[in-house]
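Dear colleague,

Please find the structure below, together with its sequence.

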Amino acid sequence: MRLSDFDYSLPPDLIAQHPVHPRDAARMMVVERSSGGISHHVFADLPAFLGADDVVVVNDTRVIPARLRGRKPTGGTVEVLLLRAVGSPARSRGASPDADPLTARTWEALVRPARGMSPGQVLQIAPEVTVEVLDARPDGVRVVRVDGGSSMSEVLRSSGQVPLPPYVHEALDRPDDYQTIYAARSGAVAAPTAGLHFTDDLIARITSLGVELVRITMHIGLGTFRAVASDDITVHRMDAEWYDVSPPAAAAINARRRAGGRVIVVGTSAVRTLETVAQPGGTVRPRPGWSALFIYPGYRFAATDVLITNFHLPKTTLLMLVSAFAGRDLIMRAYAEAIAEGYRFYSFGDAMLIL
């Protein structure tokens, strides 16, 4: 398939700038793969589509305040987006994150503007905080070192900002609006936005049915958002992102599948994690690691029965994953109907439940 197969036109006023409150008041389009049917609900209706033997799998990653703003020696403004804490160079083969993002001083980062950001360049972030460029890679990523401050966590707390997507132009009244209510493990530079619709009350209603809520982790980074550069999508390569499926999580998921329940996965990052550790028959293995899995139409899902997701940008790997799960034609028809019905799109937008 071609990149152009995943393009569509969206009116700018449908790009959500703020989440709805309460979170589960967001609209929810329900798409049935077997029949092609589309119906309209609100996210608070989710329990009506669940069975007692089902398991809901969520990504509990927590977004760090990874955006640092400062000045170049010439006085010009600069922005440093910390992507991944750097440790072992064998990150794609190792089972652990390179380094703790709350203590690490060396990072892979995007620096804007990129012009002149060569090794040795020192950027002033705060009176006692600097960022030095150590390496400039061909893909535009810089390796930087953050110096100063009493600790890295203090630097992030005092000088960092939560890196909202570029299409969100308005500041948040509450920074935690860009965190899921179950966010626990710090390390992401973007939120697993399908999970933003959950509330404590909704989770209580879901679990009261007998449904189990299981947490796994994938620290969302550049891999999820790197643009697909070629019209031949099959040549695209994802950047590796760290995940962890614990033994208790895997055991719970496998037990529910054996009992005949469905695995309902919240968000594309959780899907990529489970599909990375999936075994024949749909069971999953407990393990941490790095995933560069790229899912596009033609992929055969092993561990995902139902998907909860948001509405994604055109020409992105996220839209390709959803199209792989439901079929491109059905997804494009659903998107056209969402636009006609005035659904809110992207990170703070409405949800889609694909059965």
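Helices H5 and H6 cross in a left-handed sense. Please note that the model is a predicted one. The axes of H5 (residues 268-276) and H6 (residues 317-326) come within 11 Å and cross at roughly 65°. On the H5 side, the contact is made by Thr268, Val271 and Arg272, and H6 contributes Leu318, Leu321 and Val322. Sorted by class, this contact of H5 with H6 comprises 4 nonpolar, 1 polar and 1 charged residues.

The largest pocket holds about 1100 Å³ of space. Its lining consists of 50 residues, of which Leu164, Pro165, Pro166, Tyr178 and Phe225 are the closest to the centre of the pocket. By class, the lining of the largest pocket has 29 nonpolar, 14 polar and 7 charged residues.

A further point concerns Ser208, which is placed in helix H2 (residues 200-208). Is Ser208 buried or exposed? Ser208 has a relative accessible area of 59%, and it therefore counts as exposed, the cut-off being over 50%. Between the C-alpha atoms of Ser208 and Pro247 there is a separation of 24 Å, the two residues being 39 residues apart along the chain.

With kind regards

Methods
Residues numbered from 1 in each chain as written. Predicted model: local features only at pLDDT ≥ 70, side-chain atom pairs only at ≥ 80, totals over all residues. Heavy atoms only, no water. Axes fitted to C-alpha atoms, helices over the stretch in contact; angles between N-to-C directions. Helix = DSSP H or I, 4+ residues; strand = E, 2+ residues; numbered from the N terminus. Left-handed = near helix turned anticlockwise from the far one by under 90°. Contact = heavy atoms within 4.5 Å. Nonpolar A, V, L, I, M, F, W, Y, C, P; charged D, E, K, R; others polar. 1 Å grid on protein atoms, 1.4 Å probe; cavity = no way out; pocket = protein on both sides within 12 Å on 5 of 7 lines; lining within 4 Å. Points joined across faces, edges and corners; volume = space filled by probe spheres on them. Buried < 20%, exposed > 50% of the residue type's maximum accessible area, 1.4 Å probe, protein only.
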